[in-house]
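Please open the model in your viewer and keep the sequence panel beside it. The tour below goes from one selection to the next, with a short account of what is found at each stop.

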Amino acid sequence: MEKENKYGIILDGKMDEAAWETAQEYTGFVRLQDHGGQMAEQQTFFKILPCEDRVYFGFKCMEPDRQQVIDTAPNRAIWETDRVELFISPAGKALDFYQFVLTFGGVKVTEYYIEEGRTKPGPYLPEWHTATYAGEDFWSAEIELPLSAFFNTPNVSWSDTWTINIARGRTYAG
């Protein structure tokens with residue numbers, strides 16, 4: 001579903017609006033399983049667009065054989081599908097953080113953790129918007145997070161520098 005907003009971003013997963021061209025691109029993902037810091041075989045690129053009342057995240061996940069990517073199939077756990085994950089702390093500390101997960105198939109999951117991730121204080125169901133797009137050798141996603149999604153952290157605790165961690169899970173058929 002395409003949704004346009006006052007920032008000129010149309011949530012369609014393509015990241016082809018002019019605003020995305022001005023955002024810095026980040027990459028250089030390494031595999032967590034490898035202790036030698038080996039680069040991931042298929043890189044993920046992401047951009048961040050902070051706006052006055054929301055933050056946009058854009059992802060481009062390279063996949064040479066996109067037909068083998070597992071989207072959200074019935075009877076599969078979200079952790080067994082291709083996905084991107086955002087961990088965000090508006091306070092800039094690891095004491096409390098939010099987790100946003102989006103699968104290639106469009107399934108969304110959110111969690112809020114406190115005490116350095118040791119405690120989940122209950123259901124966390126903020127309003128947030130997403131879209132994914134399937135290219136020939138990649139899939140991409142756009143995420144729109146209104147600042148109101150961070151309601152568990154009082155605004156007075158927000159830092160000028162937020163802590164953000166990005167992860168990608170790749171899962172193949174077979």
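Which strands form an open sheet of 4, and in what order do they stand? The order is E6-E5-E4-E9, and the pairing is antiparallel. Here strands (E, at least two residues) are DSSP runs, numbered from the N terminus, and two strands pair if DSSP finds at least two bridges between them. Strands of a sheet pair through backbone hydrogen bonds, either parallel or antiparallel.

Before going further, note that this is a predicted model, in which local features need pLDDT of at least 70 and side-chain atom pairs count only at pLDDT 80 or more, while totals for chains, interfaces and linings use all residues. Residues are numbered from 1 along each chain as its sequence is written, and side-chain values use heavy atoms, with hydrogens and water left out.

Next select residues 83–89 and 97–103, which are strands E4 and E5, running antiparallel and joined by 6 bridges; Val 84 stands opposite Leu 102 in E5.

**The sheet of 5 strands**

Move on to another open sheet, where 5 strands follow the order E1-E2-E3-E8-E7 with antiparallel pairing. Strand E1 (25–26) and strand E7 (129–134) each have a single partner strand, so one side of each is left without a neighbour in the sheet. Between E2 and E3 there are 7 bridges in the antiparallel sense, and Ile 48 has Phe 57 in E3 as its bridge partner. Then follow E7 into E8 through the hairpin, whose joining stretch has 3 residues; E7 and strand E8 (residues 138–146) pair over 6 bridges, with Ala 131 partnered by Glu 142 in E8.

**The second largest pocket**

Finally, select Pro 50, Val 55, Asp 160, Trp 162 and Ile 164, which are the closest to the centre of the second largest pocket among the 13 residues that line it. A pocket is an open set of points on a 1 Å grid over the protein atoms alone, where a 1.4 Å probe fits, with protein on both sides within 12 Å along at least five of seven lines, and lining residues have an atom within 4 Å of a point. The largest share of this pocket's lining, 3 residues, comes from E3.
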